[in-house]
Amino acid sequence: MTERDDARVRKALQGKDFPADRNELVAYATDRDVDEKTLTALAALPDGTYGSMDEVLDAVPHRPGSVADR
């Protein structure tokens, strides 16, 4: 995912209860066996607790691959 894809993130986290921190979100998505691009985007979220899906979507980096490729 080179640009933010809200639909993928929404699908990956569908049914997740909030608030949740980055590690919880990544673990939830991993358990749901989502694609690597979406996991990369979630792993690139700033550390912190997110109170809603909208907060997660606002925080997902536009180019998460560049962070992971360092």
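The model is predicted. It is a chain of 70 residues, with 5 helices and 2 strands. Mean pLDDT is 86. The largest nonpolar core has 17 residues, and α4 gives the most to this core.

**Fold and surface**
- Read from the N terminus, the order of elements is α-β-α-α-β-α-α.
- Of the contacts between residues at least 6 apart in sequence, 56% join residues at least 24 apart.
- Buried residues make up 31% of the 70 in the chain.

**Confidence**
- A pLDDT of 70 or more is reached by 81% of the residues.
- Residues 66-70 stay under 50 in pLDDT. For this stretch, the model has 1 contact beyond four places in sequence.

**Backbone features in the loops**
- Phe18 and Pro19 are joined by a cis peptide bond. Its omega is about 10 degrees.
- Pro19 lies in the loop between α1 (6-12) and β1 (20-21).
- Asp33 is not a glycine, yet its phi is positive, at about 60 degrees.
- Asp33 sits in the loop between α2 (22-31) and α3 (36-43).
- Is Asp33 buried or exposed? Asp33 counts as exposed, because its relative accessibility is 69% and the cut-off for exposed is over 50%.

**Nonpolar core**
- The residues with the most contacts inside the 17-residue core are Val9, Leu13, Leu25, Ala29, Leu42, Leu45 and Val56.
- Four helices, α1, α2, α3 and α4 (53-59), each supply at least two residues of this core.
- The contribution of α4 is 4 residues, the most to this core.

**Leu13 and its contacts**
- Leu13 is among the core residues with the most contacts inside the core.
- Which residues does Leu13 contact, leaving aside its neighbours within four places in sequence? They are Leu25, Tyr28, Ala29, Arg32, Leu42, Met53 and Val56.
- Among these partners of Leu13, Leu25, Ala29, Leu42 and Val56 are also listed with the most contacts inside the core.

Note on methods:
Residues are numbered from 1 along each chain as its sequence is written. This is a predicted model: local features need pLDDT of at least 70, side-chain atom pairs count only at pLDDT 80 or more; totals for chains, interfaces and linings use all residues. Side-chain values use heavy atoms; hydrogens and water are left out. Buried means under 20% relative accessible area, exposed over 50%, partly exposed in between (1.4 Å probe, protein chains only). Contact means heavy atoms within 4.5 Å. pLDDT is the predictor's confidence in each residue, from 0 to 100. A nonpolar core is a set of buried Ala, Val, Leu, Ile, Met, Phe, Trp, Tyr and Cys residues joined through side-chain atoms within 4.5 Å.
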